[in-house]
Amino acid sequence: QVQLVESGGGLVQAGGSLRLSCAASGRTFSSSAMGWFRQAPGKERDFVAAISSSGGRTNYASSVKGRFTISRDNAKNTVYLQMNSLKPEDTAVYFCAAKRTRYSGSYYNTEYEYDFWGQGTQVTVSS
C-alpha cells in the first residue's frame, strides 16, 4: 500500500508560481511512475503531468507544457510539480497518483492506470 500526501497549494495571482509536493510512504516509490491530475469545479479530473519511475521521461498536457515541470527525488520519496506563469484556468484541486510498474522508462497519462491517489491540494489563481 502506498499513501500519498500533497502539499504546497494555495492562492496566487495570475503570473505567479507555486510548487506542489507529493510525499509517498512505503518502499515502492522508486518503482512507481507518478502523475499529477487536476479537477476544476464541475469538471472531470484531467491529466496534467507524468514522470517515469526513473525520472528520465516526462509528459505534459498541452495546456501546461512550457509552464509546469514535474520532477522527483527518489531518495526523499517525493514528486514535485513546479507551476509557473499560472493562469486563472489553472484553478483546481491537484492530485498526485502512483502506479507500480516494472518499466522504469514508462509514464502514464490516464487516471484509470494509477493504483494510488492522494487527497488533493487546492490551487486558486486570481486574475
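First, a rule: I count a disulfide when a pair of cysteine sulfur atoms lies within 2.5 Å. This is a predicted model, so I read local features only at pLDDT of at least 70 and side-chain atom pairs only at pLDDT 80 or more, while totals for chains, interfaces and linings use all residues. I number residues from 1 along each chain as its sequence is written, and side-chain values use heavy atoms, with hydrogens and water left out.

**Entry: the disulfide**

I found 1 disulfide. Cysteine 22 and cysteine 96 form it, with sulfur atoms 1.9 Å apart. It joins strand β3 to strand β9, across 74 residues (strands are DSSP runs of E, at least two residues, numbered from the N terminus). Is cysteine 22 buried or exposed? Cysteine 22 is buried, because its relative accessibility is 0% (buried is under 20% relative accessible area, exposed over 50%, partly exposed in between, with a 1.4 Å probe and protein chains only). Cysteine 96 is buried too, also at 0%.

**Entry: glutamate 6**

Next I looked at glutamate 6, in strand β1 (residues 4-7). Glutamate 6 is buried without a salt bridge, and the nearest side chain of opposite charge, arginine 45, is 7.5 Å away (Lys and Arg count as positive, Asp and Glu as negative; His and the chain ends are not counted). A salt bridge needs a side-chain nitrogen of Lys or Arg within 4 Å of a carboxyl oxygen of Asp or Glu. What sits by the side chain of glutamate 6, then? A polar atom of this side chain is 2.9 Å from the backbone nitrogen of cysteine 96, and one is 3.0 Å from the backbone nitrogen of glutamine 119.

**Entry: salt bridges**

I counted 4 salt bridges. Aspartate 90 pairs with arginine 38 at 2.9 Å; aspartate 90 is in the loop between β8 and β9, arginine 38 in strand β4, 52 residues apart. Arginine 67 also meets aspartate 90, at 2.7 Å, N to O. Aspartate 90 counts as buried because its relative accessibility is 1%, and arginine 38 is buried at 12%, as is arginine 67 at 11%.

Arginine 100 and aspartate 115 make another salt bridge, at 3.9 Å. Here arginine 100 is partly exposed at 48%, and aspartate 115 is partly exposed at 35%.

Note on methods. Helix = DSSP H or I, 4+ residues; strand = E, 2+ residues; numbered from the N terminus. Polar contact = N/O pair within 3.5 Å; in protein donor to acceptor, adjacent residues only side chain to side chain.
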